[in-house]
Amino acid sequence: MLSLLEVKNLTKTFGTFTAVDNISFSLSEGEILGFIGPNGAGKTTTIQMLLGLIKPTSGSVFIFGKDMAKYRNEVLSEVNFSSAYVSLPGNLKVWENLYTFARLYGVKKYKERVSELVEFFEIGSLFNKMYGSLSSGQATRVNLAKALLNKPKLLFLDEPTASLDPDIADRTRKFLKQIQIEQGIAILYTTHNMMEVEELCNRAIFINEGKIITQGTPNKLIKKYGLQDLNEVFIKIARDI
Amino acid sequence: MKLHRIQALLFRYLYIYPRSIPRILDIFIWPLVDVLIWGLITVFLQQSRPDFPLSLLLGAVIFWDFILRAQQAVTISFMEEIWERNLFNIFVTPIRLYEFLFATFLVGIVRITLIGISLGVSSFILFNFNLFSFGFYLVPFVINFFIFGWILGLLATAILLRFGQSAQVIAFAFTTFLQPLIAVFYPVSALPKFIQPIALAIPATQVFEGMRMVILQNKFPMHNFIMAGILNIIWFIIAINILYKMFNYVIENGKLLKLVD
């Protein structure tokens, strides 16, 4: 399968501290890759480097075969991002937010595209509400609608289900699975919920102290460590370091 | 430069204005308070010196407001993204920094137009002062003041990028710190001799000197306007360089998400 994301020997140091230490991996078309690790493992720094918001100390990032250091703005028109920790402006209404980002991404017939997503995520009743007044679950659905405005080929999702109740989290995962199947989007997915990784991800990479510790399909990783589930694998890896 | 991205940000900022009381106050009330204070001071001075020109202080305060509000248009637009924790969302779109800055420039034009109308109407109604009494000279005055205000906005944004939200007080007060040097209400000759060359290196000082010459001598001071234009270009080059350096510093050090305290 075509590799949409190629990360080669990526390293980031801040003074004497190495946040990301010589990591390499790839992500193929239509694949969901779990990028997991304990707090402070280097996940957020890596994602920011992949999006060109932090300059790597060394190494390279190729998206759609293009070097992010040279073609960042061109590449970003086909990439999108959503995080539980990065909200949209609370003092704008939902439709104002969606129209603003649709225009930023240069979406043609953006009102139609917004309507499609509003229907898909069932957020019609929120359309005229201030984003700041939404519940976590409602905000997550709006964030995901924003993340799909430009029909991205590659999506970065940073703990999209954090702070959601189990029902809404389950619905969100189903939305994501449906998007992956229908649109073939590649997703880099960070989460602390290992059940989500087992349910959603084709592959997972464990990172700790900036280094890749292990990687593989969820089933292979569970077998490799001889444990019951991925949650136990996570705990073992986090404590063994 | 893509117009759809600039339009996106322009609309994004303008959506907020009609429902934001602080922004409405900023455009319609605070300038009115300035006009009232300086208009009344002028009326008081005219009681002992009837030939004291109304436009000397009132014109000065109106133009000063142009600089201040143009600077704030840039600074507040950037702060808006910090307050709303939206910088990350903005900069993972294909937008380029210069498009962002151009959008703030347009926001500034909208603000200045509204404030200009507000100031012009209020000073005419309250003190019978016609802003258009400057005639043709009004155009170069306003353009120079607006550009200088925008340049100060770029510098204030650079401060915010380097030091984060905790520096917002400095960023907002930045223009006011310069006010004594700009010689808004008095001639440069009133400043201590050793400070005068520094004051004259500020574009707005040249324009205020020119404005006084128009009022007091009815002469168009071409020299001041040429100097103001040249200085604005020099200040712009310096400001944009500092801003890009600070932006690169943020990208180098992974500070974009950490600008919020």
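A helix here is a DSSP run of H or I that is at least four residues long, and helices are numbered from the N terminus. Keep that in mind as you explore these close-ups, which show a predicted model.

**View 1. Ala183(B) sits in a loop between helices H7 and H8 of chain B.** Helix H7 covers residues 168-182 and helix H8 covers residues 196-200 of chain B, and Ala183(B) lies in the loop between them. Look at the backbone here: Ala183(B) has a positive phi of about 55°, although this residue is not a glycine. Is Ala183(B) buried or exposed? Ala183(B) has 24 C-beta neighbours inside 10 Å, so it counts as buried.

**View 2. Arg85(B) is found in the loop between helices H3 and H4 of chain B.** The two helices on either side are H3 (54-83) and H4 (87-91) of chain B. Arg85(B) is not a glycine, yet its phi is positive, at about 50°. With 17 other C-beta atoms within 10 Å, Arg85(B) is partly exposed, because a residue needs 20 or more to be buried and 12 or fewer to be exposed.

**View 3. Helix H3 of chain B packs against helix H9 of chain B.** Helix H9 runs over residues 203-217 of chain B; its axis is 11 Å from that of H3(B), and the angle between the two helices is about 155°. H3(B) and H9(B) are therefore roughly antiparallel to each other, because angles over 145 degrees are counted that way. The crossing of H3(B) past H9(B) is right-handed. On the H3(B) side, the contact is made by Ser55(B), Leu56(B), Gly59(B), Ala60(B), Phe63(B) and Ile67(B), while H9(B) brings Ala204(B), Phe208(B), Met211(B), Arg212(B) and Ile215(B). Sorted by class, the residues of this contact of H3(B) with H9(B) are eight nonpolar, two polar and one charged.

**View 4. Helices H6 and H10 of chain B pack at an angle of about 20°.** H6(B) spans residues 138-163, H10(B) spans residues 222-253, and their axes are 9 Å apart. That angle makes H6(B) roughly parallel to H10(B). When H6(B) passes H10(B), the crossing is left-handed. In the contact of H6(B) with H10(B) you can find 20 nonpolar residues, three polar ones and one charged one.

**View 5. Helices H3 and H4 of chain A meet at an angle of about 125°.** H3(A) is made of residues 94-104, H4(A) is made of residues 110-120, and their axes lie 10 Å apart. H3(A) and H4(A) are therefore oblique to each other. Their crossing is right-handed. Which residues of H3(A) meet H4(A)? They are Leu98(A), Tyr99(A), Ala102(A) and Arg103(A), and they meet Tyr110(A), Arg113(A) and Val114(A) in H4(A). This contact of H3(A) with H4(A) has five nonpolar residues, two charged residues and no polar ones.

**View 6. Helix H3 of chain A is largely enclosed by the rest of the structure.** Ten of its eleven residues are buried, which is why H3(A) is described as largely enclosed. Among the buried residues of H3(A) are Val94(A), Asn97(A), Phe101(A) and Leu104(A). Against what do the buried residues of H3(A) pack? Their partners are H4 and H5 of chain A, together with helix H1 (3-16) of chain B. Just after H3(A), look for Gly106(A), which takes a positive phi of about 65°.

**View 7. Helix H5 of chain A has nine buried residues out of twelve.** H5(A) covers residues 136-147, and at 1.5 Å a residue it should span 16 Å; its end C-alpha atoms are 16 Å apart, so the two values agree. The buried residues of H5(A) include Ala139(A), Arg141(A), Leu144(A) and Lys146(A). The cover over the buried residues of H5(A) includes strands E6 (79-83) and E7 (154-158), along with H3, H4 and helix H6 (166-183), in chain A.

**View 8. Glu198(A) belongs to helix H7 of chain A.** This helix runs over residues 194-200. Glu198(A) counts as partly exposed, because 18 C-beta neighbours lie inside 10 Å. Leaving aside residues up to four places away in sequence, Glu198(A) touches Pro218(A), Asp229(A) and Leu230(A). Glu198(A) and Tyr131(A) are 67 residues apart in sequence, and their C-alpha atoms are 32 Å apart in space.

Key:
Residues are numbered from 1 along each chain as its sequence is written. Chains are lettered from A and ligands numbered from 1 in the order in which they are written. This is a predicted model: local features need pLDDT of at least 70, side-chain atom pairs count only at pLDDT 80 or more; totals for chains, interfaces and linings use all residues. Axes are lines fitted to C-alpha atoms, for helices over the stretch in contact, and angles run from 0 to 180 degrees between N-to-C directions. Angles under 35 degrees count as roughly parallel, over 145 as roughly antiparallel, 65 to 115 as roughly perpendicular and the rest as oblique. A crossing is left-handed if the near helix is turned anticlockwise from the far one by less than a right angle, and right-handed if clockwise. Two residues are in contact if their C-beta atoms, placed from the backbone, lie within 7 Å. Ala, Val, Leu, Ile, Met, Phe, Trp, Tyr, Cys and Pro count as nonpolar, Asp, Glu, Lys and Arg as charged, and the others, Gly among them, as polar. The expected span of a helix is 1.5 Å times one less than its number of residues.
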